[in-house]
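Hello,

I am passing a structure on to you, and I hope you enjoy looking through it. Below it are some notes on what turned up.

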Amino acid sequence: MKELLDFEAFREGPEAEGLVRRVRELVDGPTALMEVCGTHTVAIGRAGIRSLVPEELRLLSGPGCPVCVTPLGEIDQTIEAARRPDVTVATFGDMMRVPGSESSLERERAAGADVRVVTSALDAVKLASEEPSREIVFIGVGFETTSPTVAAALLEAERRDVPNVSVFPFFKLVPPALEFLVGVPDRALDGFLCPGHVSSIIGSNAYEPVAREAGIPCVVTGFEPLDILAGIVMLLEQVRDVRSGGAARVETQYSRAVRPEGNPTARSLLDETFDTADAEWRGIGAIPASGYVLSQDLMHRDAAAKLGIERPEPAEPEGCICGAIMLGRKLPGDCPLFGTDCTPRDPVGPCMVSSEGSCAAHFRYEHRRST
Amino acid sequence: MKSNDTITLAHGSGGRLMHELVEGLIARVLSNPVLDELDDAADVSGLVEPGRLAVTTDSFVVQPLFFPGGDIGTLAVAGTVNDLAVKGARPVALTLGLIVEEGLAVSDLERALRSVAETAKTAGVVVTAGDTKVVERGCLGGLVLNTAGLGFIPEGVELGAARVRDGDAVVISGTVGDHETAILVAREGFEIDETIESDCAPLHEIAATILTAAPGARAMRDPTRGGLATTLNELSARSGVGIEIEEAAVPVRREVRSVTDILGFDPLFMANEGKVVAVVPADEAERVVEALRTHDLGRDAAVIGRAGGPPGVTLRTRVGGARPLLMLEGVQLPRIC
């Protein structure tokens with residue numbers, strides 16, 4: 001936050017028109033590209049990119065929204081923690097309104113629970129040292145972008161010997177999800193727009209197995225409308241090559257922030273703090289080696305273990321097709337609940353719950369076109 | 001610490017301390033001939049003007065009480081004056097209800113009152129009556145202000161959202177998102193290099209400028225909570241006429257854009273406290289913008305779109321796409337990544 005960033009250069013300019021023209025030239029049949037990043041989902045909607053590309057080009061939103069993929073049982077665990085009188089739950093704002101089986105953090109706060117919105121995991125450590133009689137529980141959701149900052153906060157709590165801060169490590173990992181997605185039957189998927197932020201941590205090399213072994217083109221893309229249009233052009237050029245017998249590869253549109261090997265400091269922080277584990281993705285199911293648990297040395301910071309909160313297995317709402325949407329089999333508009341029984345105000349499924357979810361973004365930015 | 005440094009429940013008891021607070025501080029700082037009578041009701045007949053009467057009321061709850069570009073006192077007067085001004089009324093009088101929390105520093109109360117007095121003077125309104133209550137600590141964040149505003153609409157001025165017509169132009173008097181971004185930065189303690197100031201200001205002159213330059217003006221609104229997007233949706237819903245806005249034409253300060261980008265907020269949904277959206281006949285639009293730009297509070301004025309088509313608001317994006325611009329749903333929350 002210290003330095004103000006100037007995004008203008010990536011937002012405007014005559015390039016947009018040229019890129020849109022190039023997209024139209026390149027699409028010569030049904031093509032499906034998937035982004036797996038909530039920020040991409042929102043940026044595509046906000047810039048009205050779907051209104052610019054041919055109908056044959058389907059831009060799908062995969063499991064890229066951290067709130068969407070957090071299982072209901074994990075939400076219920078955070079609510080259970082918030083109900084404890086000596087616990088303060090510290091969370092990113094997105095989690096406040098996410099309904100669990102019967103409540104949400106926002107409702108618990110209104111009922112008297114101590115739930116605070118923070119913008120960094122370090123705020124939780126600060127709260128813990130200011131209020132030593134309370135247990136500060138941070139909800140660790142997100143992908144490789146957010147997990148290093150949480151790792152740094154936990155190590156900071158260790159270094160400063162602040163005992164009363166713990167975390168729910170609900171993080172998810174992107175490359176195992178992509179590898180899982182390419183193996184899903186009946187999915188139509190010609191290429192991945194890979195998330196720029198996540199890739200700045202893990203590096204573009206992380207997608208090599210998806211490109212090489214599964215033969216799906218990958219382009220690491222930034223977040224401004226021009227970045228996204230340029231990423232789509234690069235992906236479409238690869239798709240054309242692959243369709244004429246060429247090999248899929250990993251390319252980086254977002255080279256101003258992403259290196260092939262990623263950020264070694266952040267990666268070593270992650271290695272020091274977490275061990276990889278199988279993880280449950282809401283709407284999708286278990287994906288091998290796609291989540292984190294705290295490393296042995298930090299196990300005492302695990303909120304669920306520290307507070308003795310089991311993970312219940314609640315039933316998912318009936319009729320919701322969020323799973324199929326995140327797997328690329330369906331679009332938000334295909335869901336019979338979309339825009340009627342399921343809206344951002346009264347969401348049924350996870351993709352409508354979060355502002356970065358594919359259904360919420362579709363509702364907010366494209367509803368009028370699809371109805 | 002002297003016993004009179006902070007507000008205590010005794011200041012609201014109706015006894016001597018309350019008497020000292022009201023007469024020794026509040027009435028002194030806000031002094032004017034009408035208020036100085038200190039009767040149970042004020043005789044405002046000296047303020048009555050020709051025209052139709054306009055009345056409004058508002059409550060002001062803001063954290064922190066003091067922020068870059070303003071404070072709760074400035075906000076209370078400006079907010080009330082602006083509600084009158086965008087109805088085409090000349091604001092003349094205010095009432096001021098103070099709900100003060102036990103524990104507030106008297107110096108903070110005085111500071112807020114001085115802002116009330118100064119802003120009222122700038123806007124040419126008189127604080128005619130007031131009320132003070134003291135409540136227990138911890139329930140309202142220091143200070144809450146409630147106002148009522150009185151103004152007069154001159155003959156010939158007819159403004160209302162329902163008057164918007166196909167082909168009209170939509171004008172904004174300046175950059176959007178400044179107030180809420182300033183509050184957010186002040187509240188969350190973000191460290192940034194540049195200060196983002198609230199645009200909090202009375203807009204009686206801006207409104208008058210618009211009405212002079214565009215005698216045919218259809219509607220004016222001040223896009224406060226819910227921001228520009230919500231105001232445009234209200235205008236469209238009331239009139240039954242669609243509105244199309246050019247994203248690139250909407251003025252947004254670079255520093256506001258940076259902060260909102262990082263947090264995942266949209267400046268189009270962020271509250272303003274010193275801006276007017278005006279819908280005017282297309283042939284009067286350029287004249288309005290030129291006139292506004294001669295005023296300090298209207299330097300960044302711009303035509304941002306036009307009315308027409310089926311109800312709803314459409315945004316033409318910078319890359320040439322089109323999408324619906326809906327009302328704000330709930331509150332904006334900082335995103336995870």
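A residue counts as buried under 20% relative accessible area, as exposed over 50%, and as partly exposed in between. B:K133, at 45% relative accessibility, is therefore partly exposed. Please keep in mind that this is a predicted model.

B:K133 meets B:D131 in a salt bridge, 3.0 Å from N to O, and B:D131 is partly exposed at 38%. Shared partners also join salt bridges into one network made of A:D114, A:R116, A:E131 and A:R134. Over all chains there are 36 salt bridges.

Two others in chain A may interest you. In helix α9 (residues 208-214), A:E208 and A:R212 lie four residues apart, about one turn of the helix, and their closest N and O atoms are 3.3 Å apart in a salt bridge. A:E208 is partly exposed at 23%, whereas A:R212 is exposed at 57%. A:R84 pairs with A:E80 in a salt bridge at 3.4 Å between the closest N and O atoms.

Now to the rings: the whole structure holds seven aromatic pairs over all chains. The ring centres of A:F92 and A:F138 are 5.3 Å apart and the planes stand at 90°, so this pair is edge-to-face. The pair links distant parts of the chain, 46 residues apart: A:F92 is in the loop between β3 and α4, and A:F138 is in strand β5. A:F92 is buried at 5%, and A:F138 is buried at 3%.

A:F171, A:F274 and A:Y292 form one aromatic cluster. In chain B, the charged end of B:R111 sits over the ring of B:F66, 3.9 Å from its centre.

Best wishes

Notes. Residues numbered from 1 in each chain as written. Chains lettered and ligands numbered in written order. Predicted model: local features only at pLDDT ≥ 70, side-chain atom pairs only at ≥ 80, totals over all residues. Heavy atoms only, no water. Phe/Tyr/Trp six-rings, centres within 6.5 Å; stacked < 30°, edge-to-face > 60°. Buried < 20%, exposed > 50% of the residue type's maximum accessible area, 1.4 Å probe, protein only. Lys NZ or Arg CZ within 6 Å of the ring centre and 35° of its normal. Salt bridge = Lys/Arg side-chain N within 4 Å of Asp/Glu carboxyl O.
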